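Please consult the sequence and the 3D structure shown below.

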Amino acid sequence: QMVLPDNTVVFLNAGSELKYAINNNSDEREVYLTGEAWFDVEKNENQKFIVHTPYYDVNVFGTEFNVKAYPEDNTVTTTLEEGSIQISSTEKFKIQNNQILKPGEQLIYNKQANSIELKKVSTRLYSSWKENKLIFVNMSLGELVVLLERKYGVEIEVKDKSILDFHYDGTIKNETIIEMLSILQHTLQIHYKIENQKVIITKTNSN
């Protein structure tokens, strides 16, 4: 958790970086995000707040929202809890019309398809990580592996790629990586072992 010079509160997730410039004379407050962050922006009618991601810009009007923009992910996701934000084009990504989000809406940019999707979501699923709690619904094991690697700072190798399509519902709060792997092992048809500081996951009964 950090507080910016304008009193905006930011929670930065694992493997993320936030850059900002201190310039009180500017009519804009700008930050540059790589990774994931939750913002509670201090409203200021005289200074716009802009979150630059590697793909699109998020123009903020005093609000609470989450932006997930990891370079290795196939999507960039912005989720609005309160207030109002506007998604606008950059040199890297052009959209025909700026997208204004309402509370409870999420905009997803698919890098491969170069397309955007706007949908209604339960915002707590996308911001619970800032309370050191992760809630996931129908998440594939492939996505969960990435999440676990970021949260616990471990390397995970999945030997049988077919199990990456297994889906799981759950919550991580204070569990260790070993406790979380044990839960998955008892819930899904998988087995895990640790070799040379790496977690190896295989399908149950797989050699």
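A residue is called buried under 20% relative accessible area, exposed over 50%, and partly exposed in between, using a 1.4 Å probe and protein chains only. The model is predicted: local features need pLDDT of at least 70, side-chain atom pairs count only at pLDDT 80 or more, and totals for chains, interfaces and linings use all residues. Residues are numbered from 1 along each chain as its sequence is written, and side-chain values use heavy atoms, with hydrogens and water left out. Helices (H or I, at least four residues) and strands (E, at least two) are DSSP runs numbered from the N terminus.

**Positive phi**
- Most residues other than glycine have a negative phi.
- Asn114, in the loop between strand S11 (105–110) and strand S12 (115–120), has a positive phi near 55 degrees.
- Asn114 counts as partly exposed because its relative accessibility is 47%.
- Asn7, also not a glycine, has a positive phi of about 80 degrees and lies in the loop between strand S1 (2–3) and strand S2 (9–12).

**Helix H2**
- H2 has twelve residues and spans 16 Å from its first C-alpha to its last, close to the 16 Å expected at 1.5 Å a residue, where the expected span is 1.5 Å times one less than the number of residues.
- Its buried residues include Leu141, Leu144 and Arg150.
- The buried residues of H2 pack against several elements, among them strand S7 (64–69) and helix H3 (177–187), with contact meaning heavy atoms within 4.5 Å.
- Just after H2, Gly153 takes a positive phi of about 65 degrees.

**Arg150**
- Arg150 lies in helix H2 (residues 141–152) and is buried because its relative accessible area is 18%.
- Leaving aside neighbours within four places in sequence, Arg150 contacts Ala14, Lys68, Tyr70, Glu72 and Asp73.
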